[in-house]
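Please read the following briefing alongside the sequence and the coordinates. It is arranged by topic.

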Amino acid sequence: MTPGATFERVMAGLRVRLHTGTFALGDALEPAHLADDLFTSITPVRDALHRLVGERLVEVAPSGGFRVPLLTEVGLRHLYDWNQKLLQLAIADAVRQTDTAVVAPPATGPEPDAAAALFIRIAQFSRNPECAATLGGVNDRLAMVRTRELALLGSDEIRQEICILQGHLDAGQWTELRRGIQLYHRRREKLVGRIIAALHQSVSPPPEG
């Protein structure tokens, strides 16, 4: 396997582990341990961790080394608020461009992935491509959070939420979509304390292969 292919495999493996909550908030990310887990050497793991620091999915600990970022209740509220504002900006652009046709895949798959896919699709209505790029980064950071939302809200309720928002988007019902986005975030803001508490506990790692 080429160095580039190894790096991409390691990046993908680390990203999956971070997104699915394999680690808890503040957990140390030891390159040697991760290298064993990913069947590779330390160098591509270190390179990948440095890249993930740039994406704010990993942070450098004050004492050195890498760790999962320590998200606070205030920080999570800010993430939810920023996610909602980016979506509302995109919807506002869609209202001004009623003839715009955005070709994008529908939201499918597990509930956390479905939310991110739907939000990226909404962001594509923005005239500014930076909106979708920025929202993609925010949703990367919210991926681990959504594993805890799923446990607290339930898969049926979340699936219904996504289906309703998807329906408003497909029908071009911008007012209803805007209200639905507000309600989606309001529900989660009420659970911030419980979500943060849950994030301090890791979950079972995803199956390999």
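This is a predicted model: local features need pLDDT of at least 70, side-chain atom pairs count only at pLDDT 80 or more; totals for chains, interfaces and linings use all residues.

Residues are numbered from 1 along each chain as its sequence is written, and side-chain values use heavy atoms, with hydrogens and water left out.

**Sheet**
- An open sheet is formed by 3 strands in the order S1-S3-S2, with antiparallel pairing; strands (E, at least two residues) and helices (H or I, at least four) are DSSP runs numbered from the N terminus, and two strands pair if DSSP finds at least two bridges between them.
- Strand S1 (28-29) and strand S2 (59-60) stand at the edges with a single partner strand each, so one side of each has no neighbour in the sheet.
- S2 is joined by 2 bridges to strand S3 (residues 66-67), the two running antiparallel, and Glu59 stands opposite Arg67 in S3.

- Not counting residues up to four places away in sequence, Leu76 is in contact (heavy atoms within 4.5 Å) with Leu71, Leu142, Val145, Val192, Ile195 and Ile196.

**Asp93**
- Asp93 lies in helix H4 (residues 73-96) and is buried, with a relative accessible area of 9%; buried means under 20%, exposed over 50%, and partly exposed in between, for a 1.4 Å probe and protein chains only.
- A polar contact of 2.3 Å joins the side chains of Asp93 and Arg96, the term denoting a pair of N or O atoms within 3.5 Å of which, within protein, one must be able to donate a hydrogen and the other to accept it, with residues adjacent in sequence counted only if both atoms are side-chain atoms.
- The Asp93 side chain also reaches the backbone nitrogen of Arg127 at 2.7 Å.

**Cysteines**
- The structure holds 0 disulfides, a disulfide being a pair of cysteine sulfur atoms within 2.5 Å.
- Cys131 counts as buried at 8% relative accessibility, whereas Cys163 is exposed at 51%.

**Positive phi in loops**
- Phe39, in the loop between helix H2 (31-37) and helix H3 (42-54), has a positive phi near 55° and is exposed at 70%.
- Arg56, in the loop between H3 and S2, has a positive phi near 65° and counts as exposed at 54%.
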